[in-house]
Amino acid sequence: MDLKKLANALIPDEDLLPPEEYEKIYPPRSLPAGAEVTRLAPSPTGFIHLGNLYSALADERTAHTTGGVFYLRIEDTDEKRKVEGAVESVIRSLRYFGINFDEGAEIVSDLNAYGPYYQRQRAKIYRSYAKKLIEEGKAYPCFCTEEELDKVREEQNAEKLVTGYYGKYAKCRNLSEEEIYSRLAADKPFVIRLRSSGDVANKTSFCDAIKGDITVTENDQDVVILKSDGIPTYHFAHAIDDHFMRTTLVIRGEEWLSSLPIHIELFKVLGFKPPRYAHTCSLMKMDGGTKRKLSKRKDPELSLDYYRKAGYYPRAVVKYLMTILNSDFEEWELKNPLADYRDFPFRINKMGKSGALFDLDKLSDISRTEISKLSEEECYEFLKGWADEFGSPADKAHFEDKEYIVKILALVMGTSGKKRRKDIERAEQGVNLISYFFDDVFSPEYGFRAAREDVEKALSLFAADYDPQDDNSAWFSKVKKVAAAIGYAAETSEYKANPQAYKGSVSDVAEILRIAVTGSPNSPDLCSIMKILGKERTLRRLERAANTAEGGARS
RNA sequence: GGCCCUGUGGUCAAGCGGUUAAGACGGAGCCCUCUCAAGGCUCAAUCCCGGGUUCGAUUCCCGGCAGGGUCACCA
């Protein structure tokens with residue numbers, strides 16, 4: 001058969017460059033030894049999730065700790081997946097978490113010498129190579145319809161055979177010249193398939209950067225490389241793009257492990273040196289007693305927006321992911337509390353081999369810690385950013401008064417000098433936490449535990465004597481005085497020593513005041529809270545509580 | 001079902017033939033204390049199972065088992 005003629009009939013494009021030309025257009029990158037070129041290659045659905053961030057972080061760290069390049073390529077070979085604005089959304093989402101690309105789709109950079117970075121715009125390159133493979137007899141046209149393929153698959157399933165297009169099931173593999181041209185003449189749609197020369201009986205060892213040595217079975221599937229619309233499949237585009245974009249390390253989810261044999265064969269027939277691979281394990285979730293991969297449909301926490309809306313501190317999400325990526329990250333951070341996480345010696349081969357269960361508790365802990373490290377002003381900016389985007393109208397209004405909020409935060413985050421409090425876990429919770437400082441939303445349900453008469457007496461006694469000028473100890477002495485006056489022990493130790501002698505202790509009196517002023521039995525330093533509220537508002541709250549107090553029996 | 005990956009406390013995990021089997025989150029308790037948070041101290045909790053190899057296996061080998069992934073003209 002005249003393969004040259006066949007190639008021309010199948011791929012008649014006149015404006016194709018000869019394949020070798022592309023080696024000149026996309027020469028090897030001049031990078032220092034050891035520099036890794038990595039990439040994130042999402043399809044443009046716009047849905048960018050935690051798994052993507054996890055993978056992107058591994059890519060970005062690997063590239064930037066080795067002095068390499070991290071680029072963005074859009075795998076838009078499937079028309080159905082395309083969503084408007086998706087690429088910008090990917091870039092924006094990752095930037096929110098502090099991850100930036102060096103080159104690629106929609107990235108402004110003078111490095112963009114390996115584009116275009118949209119696969120649809122690279123059609124000629126793929127077609128040029130597909131044509132070459134046809135000429136070499138390594139690829140062939142297939143006219144099977146989807147129905148036919150479905151039927152074959154059913155048969156294979158029924159006989160418990162491996163499904164797919166291989167061996168005797170590869171019906172179009174040995175079509176005669178006559179058969180091919182007559183179908184072409186009849187305008188039958190066709191795909192281009194790889195003529196695989198592999199044998200599943202052959203197994204070889206392959207070194208994955210994460211998994212270590214793994215066994216791979218040779219591919220024997222005549223996989224589609226060009227779809228009937230002339231656009232390549234993922235496999236074919238992957239081999240060509242990662243070769244010409246000069247990717248050195250392909251980091252991708254382990255769900256790709258099973259198609260590795262195809263990729264190895266593709267690189268071989270194309271005459272390219274394959275990149276190194278790092279197959280990352282998936283993020284898991286507990287569901288009904290067993291682990292399973294985090295799912296887009298079932299798990300809202302897979303979405304990156306979930307973390308933005310809940311107001312986790314973005315760097316906390318990144319650091320949490322770092323603890324999964326390289327588990328010695330936490331210890332490193334303990335030793336280098338002031339260092340930027342980017343200074344951590346990230347290594348791809350330190351990544352775990354098994355799927356990690358996503359741990360919200362741990363994330364929350366890290367988020368609390370990260371927020372506690374902020375200055376009051378930084379924290380204000382962070383909370384305000386959240387309130388403006390996700391908060392209620394009241395929240396937004398509250399954040400107009402920066403001076404007031406910063407004062408509150410100085411208290412809620414802890415005074416400087418001492419260790420910071422860690423009350424704020426996420427913006428949503430933090431905004432809610434300080435809401436009692438605002439009269440328009442302060443609507444407490446007083447849960448007094450003390451008897452009503454004690455509540456009233458304590459409140460009025462304290463109010464009569466309150467002076468906002470008092471320092472902490474003067475303030476507390478007054479609370480003690482109130483306690484003593486209504487039959488409560490002024491010292492906790494006295495009460496503990498002799499509980500029968502008192503109705504309670506000074507801490508119970510403090511609780512009454514605290515509930516009256518904040519609506520909650522728990523809060524940071526009450527004396528300071530009263531100072532922030534000011535005398536007038538404090539007294540008003542004390543009075544309001546006294547009037548509406550529903551006394552309860554002591555438990 | 002075939003093929004591949006993985007298997008250390010509740011979770012993330014260190015560990016590379018001999019260890020009191022780190023650490024962190026979470027849990028329990030104590031201290032501190034006007035409550036909470038923070039902090040300090042303490043405790044409970046782990047090597048999937050069965051065979052080998054070895055003086056000795058969490059560690060090496062084999063076989064189970066369990067979990068996960070994948071079997072498209074989707075990526």
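Visitor: Which helix gives the most to the surface near RNA strand B?
Guide: Helix H21 (residues 506-518) does, with five residues. Helices here are DSSP runs of H or I with at least four residues, strands are E runs of at least two, and both are numbered from the N terminus. This is a predicted model, in which local features need pLDDT of at least 70 and side-chain atom pairs count only at pLDDT 80 or more, while totals for chains, interfaces and linings use all residues. Residues are numbered from 1 along each chain as its sequence is written, and chains are lettered from A and ligands numbered from 1 in the order in which they are written.

Visitor: Why are H5 and H8 called roughly perpendicular?
Guide: Helix H5 (residues 123-135) and helix H8 (residues 234-244) pack at about 110°, with axes 10 Å apart. The axes are lines fitted to C-alpha atoms over the stretch in contact, and angles run from 0 to 180 degrees between N-to-C directions. Angles of 65 to 115 degrees count as roughly perpendicular, and H5 and H8 are therefore described that way.

Visitor: Which residues of H5 and H8 meet?
Guide: Ile125, Tyr126 and Tyr129 in H5 meet Phe236, Ala237, Ile240 and Phe244 in H8; contact requires C-beta atoms, placed from the backbone, within 7 Å. By class, this contact has seven nonpolar, no polar and no charged residues. Ala, Val, Leu, Ile, Met, Phe, Trp, Tyr, Cys and Pro count as nonpolar, Asp, Glu, Lys and Arg as charged, and the others, Gly among them, as polar.

Visitor: How do you know that E2 and E3 pair?
Guide: Strands pair if DSSP finds at least two bridges between them, and strand E2 (residues 69-72) and E3 have two bridges, in the parallel sense. Leu72 stands opposite Gly104 in E3.

Visitor: What is the order of the strands in the open sheet?
Guide: The order is E1-E2-E3, with parallel pairing. Strand E1 (37-40) and strand E3 (103-104) each have a single partner strand, so one side of each is left without a neighbour in the sheet.

Visitor: What joins Gly115 and Pro116?
Guide: A cis peptide bond does, with omega about 0°. Pro116 is found in the loop between E3 and H5.

Notes: Parallel < 35°, antiparallel > 145°, perpendicular 65-115°, else oblique. Contact = placed C-beta atoms within 7 Å.
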